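This report walks through selected local features of one model. Keep the sequence and the coordinates in view while reading.

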Amino acid sequence: MGILIRLVITAVSLWISTLVISGIELNTDSVPKKVVTLLVVAAIFGIVNAVLRPIIKVIGCGLYVLTLGLIAVVVNGLLFLLTSWIAGELDLPFHVDNFWPSAVLGALLVGVVSWVLNMLVPDGSDD
């Protein structure tokens with residue numbers, strides 16, 4: 001149940017990023033298609049982060065130390081762009097225009113909104 005709640009929270013975060021940041025677009029007028037698209041993109045974003053982030057952290061450990069962790073902002077933006085590319089390959093109407101500022105700010109916004117919503121909504125694992 002916790003995974004489904006996190007998926008919905010990420011989808012809501014992605015939706016908010018499409019409203020706030022001009023370079024992130026959800027190009028469909030149908031509300032059900034928007035919901036399905038956001039849920040699928042949230043799943044893609046979760047898989048990309050779960051698979052690639054640990055590998056990047058291990059390989060780029062020196063850069064993380066050298067930049068005091070600021071390289072994470074660049075990595076998050078690139079992973080967000082990768083998510084957009086995968087969504088495009090799957091013919092989903094979700095698109096991120098460019099790395100700066102759209103992908104970087106989108107990744108930051110999704111991260112912050114997801115964090116806040118995860119703090120407010122229990123996921124059932126606190127039992």
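Which residues make the nonpolar surface patch of about 700 Å²? The model is a predicted one. In it, the patch is formed by Val8, Val12, Trp15, Leu19, Val20, Val31, Val35 and Leu39. Two helices each supply at least two of its residues: H1, spanning 2-20, and H2, spanning 31-59. H1 gives the largest share, with five residues. Val20 belongs to helix H1. Its relative accessible area is 57%, so Val20 counts as exposed, the cut-off being over 50%.

**Helix H4 against helix H5**

How do the axes of helix H4 and helix H5 cross? H4 covers residues 71-89 and H5 covers residues 99-120. Their axes come within 8 Å and cross at roughly 100°. H4 is therefore roughly perpendicular to H5. On the H4 side, the contact is made by Val73, Val74, Asn76, Gly77, Leu78, Phe80 and Leu81. On the H5 side, the residues are Phe99, Ala103, Val104, Gly106, Ala107, Leu108 and Val110.

Leu78 sits in helix H4 and is one of the residues in this contact. Leu78 has a relative accessible area of 47% and is thus partly exposed. Leu78 and Val96 are 18 residues apart along the chain. Their C-alpha atoms are separated by 11 Å.

**Two serines in the helices**

Is Ser84 buried or exposed? Ser84 is found in helix H4. Its relative accessible area is 5%, so Ser84 is buried, for which the limit is under 20%. With neighbours within four places in sequence left aside, Ser84 is in contact with Phe94, His95 and Val96. Strand E2 runs over 94-96.

Ser114 lies in helix H5. Ser114 is buried too, with a relative accessible area of 11%. Which residues does Ser114 contact, leaving aside its neighbours within four places in sequence? They are Ile9, Thr10 and Ser13. H1 spans 2-20.

**Backbone geometry**

Most residues other than glycine have a negative phi, and most peptide bonds are trans. The next cases depart from that pattern.

Where is the cis peptide bond? A cis bond joins Trp100 and Pro101, with omega at about 0°. Pro101 is placed in helix H5.

Leu68 is not a glycine, yet its phi is positive, near 55°. Asp91 is placed in the loop between H4 and strand E2. With a relative accessible area of 66%, Asp91 is exposed.

Asp97 is partly exposed, with a relative accessible area of 40%. Asp97 and Ala11 are 86 residues apart along the chain. Their C-alpha atoms are separated by 19 Å.

Glu89 is found in helix H4. At 53% relative accessibility, Glu89 counts as exposed, since the cut-off is over 50%. Glu89 and Pro54 are 35 residues apart in sequence. In space they are 24 Å apart, C-alpha to C-alpha.

**Accessibility of selected residues**

| Residue | Relative accessible area | Class |
|---|---|---|
| Ser84 | 5% | buried |
| Ser114 | 11% | buried |
| Asp97 | 40% | partly exposed |
| Leu78 | 47% | partly exposed |
| Glu89 | 53% | exposed |
| Val20 | 57% | exposed |
| Asp91 | 66% | exposed |

Terms used. Residues numbered from 1 in each chain as written. Predicted model: local features only at pLDDT ≥ 70, side-chain atom pairs only at ≥ 80, totals over all residues. Heavy atoms only, no water. Patch = residues over 30% accessible without salt bridge, like charges linked within 9 Å, V, L, I, M, F, W, Y side chains within 5 Å. Areas by Shrake-Rupley, 256 points an atom, 1.4 Å probe, with all protein chains shown as cover. Salt bridge = Lys/Arg side-chain N within 4 Å of Asp/Glu carboxyl O. Helix = DSSP H or I, 4+ residues; strand = E, 2+ residues; numbered from the N terminus. Buried < 20%, exposed > 50% of the residue type's maximum accessible area, 1.4 Å probe, protein only. Axes fitted to C-alpha atoms, helices over the stretch in contact; angles between N-to-C directions. Parallel < 35°, antiparallel > 145°, perpendicular 65-115°, else oblique. Contact = heavy atoms within 4.5 Å.
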